[in-house]
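Try each task before reading its solution.

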Amino acid sequence: MAKIDFPTEKFNYQRFREFAKDHELSERERIGFPDHYREGYEDAILDDIEAKLEFSHYAGGVMLDVGAGASPMTSSLLKRTQAHGISVVMNDSPEMLSLIESDVPFTKLPGQFPQVLENALEIQREGYDLLLCYSVLLCIILDGNVFDFVDAIIMALKPGGVALIGDIPNISKRRRFFSSKEGIEFHKKFMKTDQPPEVDHFSIVRDSLDDAVLNAVVARAHAAGSDAYIVPQARNLPMSNRRDDIIIQRRI
């Protein structure tokens, strides 16, 4: 299989199944990232996840990881949850789940979410204390209905449970950043150029996420009786200047 063309690649469930079977890809490439986007950042990402999902508060609970992937961060996440007595159900394709290397026991939930929601609730009938869905939301708009996905996330939680839909590439935030003085300097340094980035605030970019989609997700969660918030990533994360997170807490 040819190397991934990251700028143009369309990542969806089937494509990740193919990546899992491609032994020429690195562990980070098979989950959709060039090595330099994640290598050296995993601990900072996990710190941010742990803080937002409040592992210490939900110690002894059960977490569902939707689209878990199989990378160094996956194994490290299992160690962190184990330290808090949190059991984890890992959801992904059978091919991807077979690649997870960990001494920490976990339960496998093969298949595509939200189609496997009923299976997830058979494993944990009263619902999950925590749900993590990291770097996955963009794939959902290529494969299905984002509202159906959000509904299923809320249904998977027990009342009081919290979900983190993390690492969402927000094209609106990206445009604002690259229109700012900070963003222009960032672009020049990263691209090794004297030219500013080209930013078209009104162009239509299909198969993308923007402020409207993120706000609609929050509104959908509110309509289902949940609290929901768009929150920033920690500043030391590699793409915090153009990505957002969403936190949802089921109330009823």
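A salt bridge is a side-chain nitrogen of Lys or Arg within 4 Å of a carboxyl oxygen of Asp or Glu. The model is predicted, so local features need pLDDT of at least 70 and side-chain atom pairs count only at pLDDT 80 or more, while totals for chains, interfaces and linings use all residues. Residues are numbered from 1 along each chain as its sequence is written, and side-chain values use heavy atoms, with hydrogens and water left out.

**Exercise 1. Describe the pairing of Arg38 and Asp167.**

Step 1. The side chains of these two residues form a salt bridge, with 3.8 Å from N to O.

Step 2. Arg38 and Asp167 are both buried, where buried means under 20% relative accessible area, exposed over 50% and partly exposed in between (1.4 Å probe, protein chains only).

**Exercise 2. Is Asn241 buried or exposed, and what does Asn241 touch?**

Step 1. Asn241 sits in the loop between strand E6 (226-232) and strand E7 (243-250).

Step 2. Its relative accessibility is 19%, so Asn241 counts as buried.

Step 3. The side chains of Asn241 and Arg242 make a polar contact at 2.4 Å. Such a contact is a pair of N or O atoms within 3.5 Å; within protein, one must be able to donate a hydrogen and the other to accept it, and residues adjacent in sequence count only if both atoms are side-chain atoms.

Step 4. Neighbours within four places in sequence aside, Asn241 is in contact (heavy atoms within 4.5 Å) with Lys173, Phe177 and Phe186.

**Exercise 3. Describe the largest cavity and the second largest pocket.**

Step 1. On a 1 Å grid over the protein atoms alone, a cavity is a set of points where a 1.4 Å probe fits but cannot get out, and a pocket is an open set with protein on both sides within 12 Å along at least five of seven lines; lining residues have an atom within 4 Å of a point. Grid points are joined across faces, edges and corners, and a volume is the space filled by probe spheres set on the points.

Step 2. The whole structure has one cavity of 30 Å³ or more. The volume of the largest cavity is about 50 Å³, and its lining includes Arg38 and Asp167.

Step 3. The second largest pocket has a volume of about 220 Å³. Its lining has 13 residues, with Tyr41, Phe186, Phe190, Pro238 and Arg242 nearest the centre. Helix H2 (35-38) and helix H10 (181-191) each give two or more residues to this lining.

Key
Helices (H or I, at least four residues) and strands (E, at least two) are DSSP runs, numbered from the N terminus.
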